[in-house]
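Look at the chains first, then read on.

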Amino acid sequence: MLPDKLSSNLHGADAAGIDLATLTPGFNDTVHDSQGVFRALLDALSRPGKIVSIDAVLPDLDQDGSTAAAHVPMAAFAALLALADYSTPVLLQHEHRGLSDALRFHTGAPLTHDHAQAVFAYLHDAESMPLLDAFSLGDPETPENAAMLFIRVDSLTDGTPMTWRGPGIRDSHAVRINGVPDSFWHERALLASQFPCGIDCYFVHGGSVIGLPRTTRVEVV
Amino acid sequence: MNARIEESAMAEGYNFAYLDEQTKRMIRRALLKAVAVPGHQVPFASREMPLPYGWGTGGLQVTSAIIGRSDTLKVIDQGSDETTNAVNIRRFFARTAGVATTTRTVEASIIQTRHRIPETPLTEAQILVYQVPMPEPLFRLEPRVSESRKLHALADYGLINVKYYEDIVQHGSIATTYDYPVLVNDRYLTSPSPIPKFDNPKMHMNPALQLFGAGRERRIYAIPPYTKVRSLDFEDHPFTIQQWDHECALCGSRDSFLDEMIVDDAGARMFVCSDSDYCQERRAAQEDA
Amino acid sequence: MNFSTPALPLLTGRGLTKRYDGRGGCVDVDIDIYPGEVLCIVGESGSGKSTLLNALALRTPVNDGTLHYRSVEHELLDLFALPMPRRRMLARTDWGFVHQNARDGLRHGVSAGANIGEPLMANGARHYGRLRETASDWMNQVELDATRIDELPSAFSGGMQQRLQIARNLVTKPRLVFMDEPTAGLDVSVQARLLDLLRTLTAKLHLAALIVTHDIGVARLLAHRLMVMKDGRVVESGLTDQVLDDPQHPYTQTLVASVLPV
Amino acid sequence: MYVAVKGGERAIERSWDLLSSNRRGDEAVAELSVDQIREQLGLAVARVMTEGSVYDEELAALAIKQAAGDLVEAIFLLRAYRTTLPRFGYTVPLDTEAMLTERRISAAFKDIPGGQMLGGTYDYTQRLLDFSLLAEGGPRAVNTSTANHSAAQQEAMPRVLALLDKEGLIEQEKQHADAPEPGDLSREPLMFPVARPVRLQNLARADEGFLLAVGYATQRGYANSHPFAGEIRYGEVAVELELEELGFAVEIGDIDITECQMINQFAGSGDVPPTFTQGYGLAFGHSERKAMAMALVDRALRAQELGETVSSPTQDAEFVLYHSDNVEASGFVQHLKLPHYVDFQSELELLRRLRAGIEKEAQREHEADAQQQAHEAQPEPSEENAA
């Protein structure tokens, strides 16, 4: 994994050409695939804790010959393809040539290193995730300007159990996400007092997501 | 009536569901943020639609951004599928998206509505899209949007309570009967759209996702499923809904919202369910029984 | 007027400067207000006293200087750095602001009871009956006829509207009230009774008050401490009796001398 | 050598030629006939008649042609022509209840005696450009001959608002016996305070765009009238004139009008039980948007008489009525084109004098500073000698 520092010069150097030969294809039916992916994302964010599968048809996004760890979950790639465009700067925690080329080509989304500018961020390595409040939290009059994070996790089902409550959940929801550091939950709890400002996230694994809007109250059991 | 429109009947040369993909993406992002901050009005770059502003362009754009080929669409106005505007909008989506449409609430995956919430309880598999003329619940007390935004940012809602206090002083009770503001998730004061206050309780902890589109005012907001929605009131003047001393002339219902119809010059009146599908279902059940 | 100043001030301003383009404003003002203390700022019009008041009440931004407030939890808040929501909360709970003319401090479309009840409703009060009781109780406290609770402010005289405004500001039991010439523009008899009311209320509620006035008589009657301002600067300050009976600064002397015996 | 600017007449004649050739456009295209305008641009004719306050479809069509489609100019032409017409007298009030209605709807009740009659309306057309109209002489969409007056219904259509009145729910627009004759805005200038009949005359001939904007504002919180479209009806009404010599009213013709009655926020205080209140709008021809906007503004302007707090410009009669007439507005806005060089010259001169004064002042200060510095820079003469 490239540590943060090294990838910081990503933007300038090779922004020029996109290598079409190795470009990963996007949706084959943009209109209907985007709609399907969006509805899955809408359902996941409306019902925090629910595991929602994204059944878009997308090739695997592998870096050239690198280990599975470099593999970007299809759900994250599909979500960014469906939502990003020229007006939404995207931040990648680690440089990922395949993903950045695909995003720039298919969606025209600008890539950024400035956490505060990012509308979307793909965090490949939850353990070394940047501080939450490095991202835009929105402000009281325009809380919608907060960033949306796609956080890759090891599993959506066999982590230590947590209890989620809040809008979208009838009373409570047992959630077992594996691979999210305690520091994340701690930082997130600190943001709660600043509501309506805050951060919304999706945990992604393979073709599935779990949504975590800022309104959800998480109790780490 | 579950009509599936063949592909050919769709208007040629138009995008799926009319909006271009760029606009859909913009609306979809707004919808996700609306769900994340329940009750907060998210500004969006609303587009002109082939329907006049104020006739449902907000609902139209939300439905257009979320609808897919596998959806079944129901459109109602004043509770009925047969009102001219409901017919017009249903036909619009049949032509531009070729989706199946229905008048039966239970069959619909997406319901676009104006001024009513269906009597039939909704499920987790359904999305209710409201057409909203005035998204700002405080507009009558503070018309300037720059000011009302600050009040929402600071949850500074003394103003609306003062109005209700004054209603009680003048009229002995809170004098709002439709578009009765609600507090969503104990935080945002929100306009439920001009539904009668009779429908307000249905918004609370509703299994379905509720999306609100205001096209002319360029705002989108949402109430996620199973979210607390409380109608403003005083402890000693609690929120109450209308009770009829009539029953539906067609199906005998006493617990649904009734439309009053003047049947002759002398002013004789008849009361009928406003929700035509609900009334139809009850009558069908009564015939079978 | 004996008053033992407790150790810690409630509000502390240092080097407060606010310049409008070329005229008015205040320059490099230091100020401390202690809990339960009534501090009067005296000066002619154009002396910058209202600017200072509005700056302290966070109603107008300043060009320079610092302002700290000791919250009820004894936390020292840097008011200029406090995020807007916290400032607004402070203004709604800990503070009051009485305008010179009641027109600016009241909501004219609703009844007296609604005007007094609004701050309570803004803080979450939801019981109509109790709101009315509190409102009528406060109408009595400010010596207004509580049977007129449902009348619009326009039905009350100037002096009575001012009392309504005072009730509206004190109903949330603030710790600090700002008053901009509260009795100006009222005829003398009404003024005297209103000043008497202010004196009893501030004492009874152990209320810190910052009162701006051009009238030495008001200051002598109400204030524990006094600050005299001229051309945006504080020229003299101290205990009321000291300053008025033995003014040091020439300007204060002329000011005191020019006062008709009250 | 300065040549005075002359040749005004030549310039004006030249501009007439240009104007008529611009209006005629490409000679290859058939000239537009007044009949075509009257028949196929009926809604434009309706607006020009309403705001021109002359009910003559042919004259209005002519004005539109002459103004090359500029409706405000056409309205002005009609108003100017109207001045030449003698005044015979006042007709009997129109009985719009006995209207031969072509369209009649109410938003307040699902169904009403006499029925909801949709008639011909753009309301439910989907606003998709219909390219078939591009083809000249395209297919006749529907047998239009049956679509006009013959489809109108004569059947009794009682007013929706009258039905509400049976329960005493709505204030009635009854004329009380001793009510004075309504003033005549085309004969007497607007004098405030203005009675409602005169206000309605002003609004009837007011610019539709202006009324629309003000009406829209009343819906968005700049007034608080909770409007419901109680009834909108469009159709033909007989016009009768009472002739002294005959002693009875004679029908002198029919006109098409659109009438709108808005049901508004109820008003009432302790002793008077609350009732709905009304806003009223009327316009020539099929002018629904105009009639509705007029009804909204009419109700907003009644705020004072209904004891409501006047909180916005939409309720301020002076603001609305003084600025509603587009003939006045267009004239005064465009009068700025007229030469103003005399006044401008005097402004110019004043400005120069002020700036000169400031410069002189700055110059003087500068010199004073220079002297001051020069004075300080000199060493004290006495010390130096002493050293």
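Start with chain D. Take its contacts between residues at least 6 apart in sequence: 64% of them join residues at least 24 apart. Two residues are in contact if their C-beta atoms, placed from the backbone, lie within 7 Å. This is a predicted model, in which local features need pLDDT of at least 70, side-chain atom pairs count only at pLDDT 80 or more, and totals for chains, interfaces and linings use all residues. Residues are numbered from 1 along each chain as its sequence is written, while chains are lettered from A and ligands numbered from 1 in the order in which they are written.

Chain D holds 14 helices and four strands. Helices (H or I, at least four residues) and strands (E, at least two) are DSSP runs, numbered from the N terminus. The radius of gyration of chain D is 31 Å, well over the 21 Å that the globule rule gives for 387 residues, so chain D is more spread out than a compact globule. That radius is taken over C-alpha atoms, and the rule is 2.2 Å times the number of residues to the power 0.38. Along the principal axes, the C-alpha atoms of chain D fill a box of roughly 120 × 70 × 55 Å. Of the 387 residues in chain D, 28% are buried. A residue is buried if 20 or more other C-beta atoms lie within 10 Å of its own, exposed if 12 or fewer, and partly exposed in between; C-beta atoms are placed from the backbone.

## Where chains meet

Five pairs of chains touch, and chains A and B make the most contacts among them. Each gives to this contact: 28 residues come from chain B and 28 residues from chain A. On the chain B side, helix H1 (21–36) and helix H4 (145–153) are the elements that give two or more residues. H1(B) gives the most, with ten residues.

Chains A and D are another matter. No contact joins them, and their closest C-alpha atoms lie 21 Å apart.

## Strands in chain B

Is strand E2 (residues 72–77) of chain B mostly covered or mostly open? It is mostly covered, with five of its six residues buried. E2(B) runs parallel to strand E3 (residues 100–101) of chain B, and two bridges join them. Strands pair if DSSP finds at least two bridges between them. In E3(B), Ala100(B) is the bridge partner of Thr72(B). Between E2(B) and E3(B) the chain passes through helix H3 (residues 84–97) of chain B, in a right-handed β-α-β crossover. Right-handed means that, with the strands pointing away from the viewer, the path from the first strand over the helix to the second runs clockwise.

E2(B) also pairs with strand E4 (residues 110–114) of chain B, in the parallel sense over five bridges. There, Ile76(B) stands opposite Thr113(B).

## The sheet in chain C

Chain C has an open sheet of four strands in the order E2-E1-E4-E5, with antiparallel pairing. Strand E2 (26–33) and strand E5 (76–78) of chain C stand at the edges; each has a single partner strand, so one side of each is left without a neighbour in the sheet. From one strand to the next, the twist averages 20°.

Strand E1 (residues 11–18) of chain C pairs with E2(C) over five antiparallel bridges. Leu11(C) stands opposite Ile33(C) in E2(C).

Methods:
Axes are lines fitted to C-alpha atoms, for helices over the stretch in contact, and angles run from 0 to 180 degrees between N-to-C directions.
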